[in-house]
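The sequence and the coordinates come first.

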Amino acid sequence: MAETTGGGSVPGDGPAPDCIGPDSERRSRRYLAAVLLGAAGGIDFLTGLAIVPLEPYVDIASTEMFHLDITSWGWVRLVGGVATAVAGLAVLVDRRATTVAAVVTATVGIGLGILLLPYRPLAVWMTATLAAVAIWLLAGQLRAASRTPASRV
């Protein structure tokens, strides 16, 4: 009976294919995090585009009327969406600094979304969920990288 060498699927074919092993799992998690951050950034960008041209909200209380202008929040969401999408692209570089920057950007995006929650709840929940899953994936990448001595360079 022939023995396989290097974990390949066919006897004597050498090392395992690129789609099997911890490196490919790490790469696929990084790609998934990049896609999720790109989607969250895109939703934030579109939300910002929708908010910017709006007229101020009018809130009528029992004795007073309030004009709430959230146009500046639209610009914040617009810029934050671009930053989140760029951070998602930067994750593909596979450097610790870009991963940390992506985690920080996604966390700030979630925080800004929470402040805008009363005005755009569906968009905030979608982006917060996507960003939270991306943060979870990237945090696993950072933990795994901190355990290997070669990645501390």
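## Salt bridges and surface

Asp94 and Arg30 form a salt bridge, with 3.2 Å between the closest N and O atoms. The pair links distant parts of the chain, since Asp94 is in the loop between helix 2 and helix 3 while Arg30 is in helix 1, 64 residues apart. A salt bridge here is a side-chain nitrogen of Lys or Arg within 4 Å of a carboxyl oxygen of Asp or Glu. Helices (H or I, at least four residues) and strands (E, at least two) are DSSP runs, numbered from the N terminus.

The model is predicted: local features need pLDDT of at least 70 and side-chain atom pairs count only at pLDDT 80 or more, while totals for chains, interfaces and linings use all residues. Residues are numbered from 1 along each chain as its sequence is written, and side-chain values use heavy atoms, with hydrogens and water left out.

The whole structure holds four salt bridges.

| Pair | Distance, N to O |
|---|---|
| Arg26 and Asp94 | 3.1 Å |
| Arg30 and Asp94 | 3.2 Å |
| Arg77 and Asp44 | 2.3 Å |

Arg26 and Asp94 meet through their side chains in a salt bridge. Arg26 belongs to helix 1 and Asp94 to the loop between helix 2 and helix 3, so this pair ties together parts that are 68 residues apart in sequence.

Buried means under 20% relative accessible area, exposed over 50%, and partly exposed in between (1.4 Å probe, protein chains only).

Arg30 has a further contact: its charged end sits over the ring of Tyr31, 5.6 Å from the ring centre. The criterion is NZ of Lys or CZ of Arg within 6 Å of the ring centre and within 35 degrees of the ring normal.

The side chains of Arg77 and Asp44 also meet in a salt bridge. Arg77 lies in helix 2 and Asp44 in helix 1, so the pair ties together parts that are 33 residues apart in sequence. Both Arg77 and Asp44 are buried.

Which residues make the nonpolar surface patch of about 440 Å²? They are Phe45, Leu46, Leu49, Val82 and Val86. Helix 1 (22-51) and helix 2 (71-91) are the elements that give two or more residues to the patch, and helix 1 gives the most, with three. Leu49 is in helix 1 and is partly exposed, with a relative accessible area of 44%. Patch residues have over 30% relative accessible area and no salt bridge, with nonpolar side chains (Val, Leu, Ile, Met, Phe, Trp, Tyr) joined within 5 Å. Areas come from the Shrake-Rupley method with a 1.4 Å probe.

Ala50, also in helix 1, counts as partly exposed at 38% relative accessibility. Its C-alpha atom is 9.6 Å from that of Thr71, 21 residues apart along the chain.

Mean pLDDT (the predictor's confidence in each residue, from 0 to 100) is 81 for the chain, and 82% of its residues reach 70 or more. Confidence is lowest in strand 1 (residues 57-60), at a mean of 72, and highest in helix 3 (residues 96-115), at 92.

Conventions
Patch = residues over 30% accessible without salt bridge, like charges linked within 9 Å, V, L, I, M, F, W, Y side chains within 5 Å.
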